[in-house]
Amino acid sequence: MHSFSSYLLAYSNIPNSSLEVLLKLFTPRHFKKNDFYARAGEHAKKIGFLEEGIMRAYYQNDKGEEFNKLFFMNPSIVGPYSALITGETNKINIQWLTDGTLLEANFQDIIDLYPDNRSIESLNRKIAEDFFVKKEKREMSLVMFDAAERYAVFQKEFPELENNIAQYHIASYLGITPTQLSRIRAKKG
């Protein structure tokens, strides 16, 4: 398991004084399986670092159908980032798939550190850029790869998830039905 400070230092050689100021903003919170960290329609204020557990981010259409967008495991920054940046209501739900713990801070408190701690602003930018690159690769795989190829990428990126979450969550993430996932798995096995 990665500690929060080692996760941050992997992105930037932030000075210890700035790192300490940033870390003081975060407090631990514990959650139970099926709890929500963020819900569509709410206003976002918090961001977290996932210490332990598994979460998913998903959209839900008017018919109640769910579409998994992301899975989060340690180490991950978690939050409805678009809503935090724009000030609009959340468009996404973030839900716990297991019991877990995260370190949480008010996002505005982090932004307020920028004028006196440029290294924190730079760190935030680098984390956002990394997230953007991963998001773009995911979107590309959805349109460029067939279902079996997407499944192979999933297995490589999330090797420990397959046996720890419901198969319908994996199928939704891959953009296929659970039946299609079963067929792909049968061919591989």
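## Charge and overall form

In the protein chain, the mean positions of the 24 positive and 24 negative charges lie 4 Å apart, where Lys and Arg count as positive and Asp and Glu as negative, with His and the chain ends not counted, and where the place of a charge is NZ of Lys, CZ of Arg, CG of Asp or CD of Glu. This is a predicted model, in which local features need pLDDT of at least 70 and side-chain atom pairs count only at pLDDT 80 or more, while totals for chains, interfaces and linings use all residues. Residues are numbered from 1 along each chain as its sequence is written, and side-chain values use heavy atoms, with hydrogens and water left out.

The protein chain has eight helices and eight strands, taken as DSSP runs (H or I of at least four residues for helices, E of at least two for strands) and numbered from the N terminus. Its C-alpha trace spans about 55 × 35 × 30 Å along the principal axes. Of the contacts with a separation of 6 or more, 71% join residues 24 or more positions apart, contact meaning heavy atoms within 4.5 Å.

## Nonpolar cores

Of the 189 residues, 41% count as buried, that is, under 20% relative accessible area, with exposed meaning over 50% and partly exposed in between (1.4 Å probe, protein chains only). A nonpolar core is a set of buried Ala, Val, Leu, Ile, Met, Phe, Trp, Tyr and Cys residues joined through side-chain atoms within 4.5 Å. The largest one has 21 residues, of which Phe4, Leu8, Leu22, Phe26, Ile110 and Ile120 touch the most other members. At least two residues of this core come from each of several elements, including helix 1 (4-11), strand 3 (46-52) and helix 5 (118-144). Another core, of 17 residues, lies apart from it and has Phe71, Met73, Ala147 and Ile176 among its members.

Beyond its neighbours within four places in sequence, isoleucine 120 is in contact with Ile14, Ser18, Leu22, Ile110, Leu113 and Tyr114.

## Two loop positions

Serine 12, in the loop between helix 1 and helix 2, counts as buried because its relative accessibility is 10%. Leaving aside neighbours within four places in sequence, serine 12 is in contact with Leu123 and Lys126.

Lysine 32, in the loop between strand 1 (27-31) and strand 2 (36-38), is exposed, with a relative accessible area of 54%. With neighbours within four places in sequence left aside, lysine 32 is in contact with Trp96, Thr98 and Asp99.
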